[in-house]
Amino acid sequence: MNLADKVLAVNNDLPIRTNAPVHSGKVRSVYWLTETDSKRLIEEKGYDVPSDTSLAIMVISDRISAFDCIWSGENNMRGVPGKGAALNAISNHWFKLFKDQGLADSHILDIPHPFVWIVQKAKPVMIEAICRQYITGSMWRAYTKGERDFCGIELPEGLAKDSKLPKLLQTPSTKGILKDIPGVPAVDDVNITRKNIEDNFASFNFKSVEDISLYEKLLTEGFDVISTALAKIDQVFVDTKFEFGYVKDVNGEDKLIYMDEVGTPDSSRIWDGEAYRAGKVVENSKEGFRQLLLNHFPDPDILLNKDRMDEREALARDNELPLSVLMDVSKTYTEIAEKITGQKIILSDNPKAEIIAILREQYQLID
């Protein structure tokens with residue numbers, strides 16, 4: 001079996017029993033279970049949710065996206081070996097730590113396979129909850145152009161690239177296209193202020209204005225938990241994106257939870273501590289892959305300029321990356337996952353066949 005066979009590139013074609021369309025994102029696919037299967041699993045597995053809760057199977061892939069495109073490599077490599085398992089393992093680790101420390105639950109009810117979560121249906125808060133501890137990336141680029149106001153927060157003069165900010169900043173942006181919100185353009189991923197959220201809390205799917213403070217508290221506490229844990233393995237937690245949503249607890253009451261993924265190399269910047277103290281940034285996250293792409297192609301503006309999206313998509317479609325590039329990314333993901341979790345990331349010989357067998361034999365979700 002060659003290396004490409006160990007990569008799960010297509011994850012929306014599994015024969016899981018469902019009567020709804022499969023939702024396939026850049027990395028994960030979601031299969032909504034039938035009402036009968038949801039009720040059966042809640043009873044059989046003892047999930048701590050109301051009996052009428054809708055459940056889904058969420059399957060991660062090994063695909064890698066950057067600059068809103070999916071990238072592939074030579075030798076039919078349609079993803080990065082070990083990436084999906086590494087991302088799930090890291091999220092699982094942080095979600096458990098959050099729960100153990102009394103922060104909040106996640107949407108995950110069960111983990112049948114390293115690539116698979118069983119989740120309960122959540123109503124997402126329509127905010128990309130971003131926390132920044134260092135000035136780098138898009139914030140630094142804007143700062144060098146003279147911008148000082150970020151999401152209603154005024155930054156001081158004299159900051160240096162990649163330096164620690166005076167305090168932890170929350171710089172939220174929209175999740176998806178939100179219409180008819182005064183002062184908020186109807187485009188995806190646009191920066192917003194706390195006042196935008198307060199004045200239109202229901203449009204962002206908050207149940208109450210008080211829950212804005214709760215989300216901010218969970219965002220800060222979650223960031224601090226991860227930052228403290230990473231410091232113990234000499235890694236710097238630079239910035240991250242969290243997502244939140246509402247689920248029903250066992251009594252049918254709404255509760256705010258962490259969802260999607262947390263503290264992963266896809267959703268965060270993580271720097272090597274020793275290198276940073278020596279004045280060098282070594283990325284242990286997808287940002288390293290993004291920088292590689294910017295250096296790999298002769299016209300990096302294609303990747304940075306949203307007005308050149310057609311050219312960008314052609315670039316990703318028509319250029320297979322060297323195998324060595326994808327293997328370097330694999331090393332980054334698996335090594336940081338192993339440092340965080342203390343567990344070895346094992347490459348499956350055939351992840352799709354394994355997933356099908358487990359969901360058929362142990363969960364009776366495949367005919």
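Just after helix H3, glycine 146 adopts a positive phi of about 100°; helices (H or I, at least four residues) and strands (E, at least two) are DSSP runs, numbered from the N terminus. The structure is a predicted model, in which local features need pLDDT of at least 70 and side-chain atom pairs count only at pLDDT 80 or more, while totals for chains, interfaces and linings use all residues. Residues are numbered from 1 along each chain as its sequence is written, and side-chain values use heavy atoms, with hydrogens and water left out.

Helix H3 itself spans residues 137-144, and its buried residues are Gly137, Met139, Trp140, Ala142 and Tyr143. Here buried means under 20% relative accessible area, exposed over 50%, and partly exposed in between (1.4 Å probe, protein chains only). The cover over these H3 residues includes strands E9 (127-134), E10 (149-150), E12 (164-170) and E16 (268-272), where contact means heavy atoms within 4.5 Å.

Turning to the sheets, five strands make up an open sheet with antiparallel pairing, in the order E1-E2-E3-E7-E6. Its edge strands, E1 (23-24) and E6 (108-113), each pair on one side only; two strands pair if DSSP finds at least two bridges between them. E6 and strand E7 (residues 116-120) run antiparallel and are joined by three bridges, with histidine 113 standing opposite valine 116 in E7.

Strand E2 (residues 28-32) of this sheet holds arginine 28, which counts as buried because its relative accessibility is 11%. The arginine 28 side chain makes a polar contact with the side chain of glutamate 261 at 3.1 Å. For such a contact, a pair of N or O atoms lies within 3.5 Å; within protein, one must be able to donate a hydrogen and the other to accept it, and residues adjacent in sequence count only if both atoms are side-chain atoms. Leaving aside residues up to four places away in sequence, arginine 28 touches Asn11, His23, Met58, Val59, Ile60, Arg63, Asn88, Trp117, Asp260 and Glu261.

A further antiparallel pair is formed by strand E14 (residues 235-248) and strand E15 (residues 254-259), over six bridges. Valine 247 has lysine 255 in E15 as its bridge partner. Five residues separate E14 and E15 in this hairpin, and glycine 252 in the turn shows a positive phi of about 85°.

Finally, leucine 347 lies in the loop between helix H10 (323-341) and helix H11 (351-361). Leucine 347 is partly exposed because its relative accessible area is 33%.
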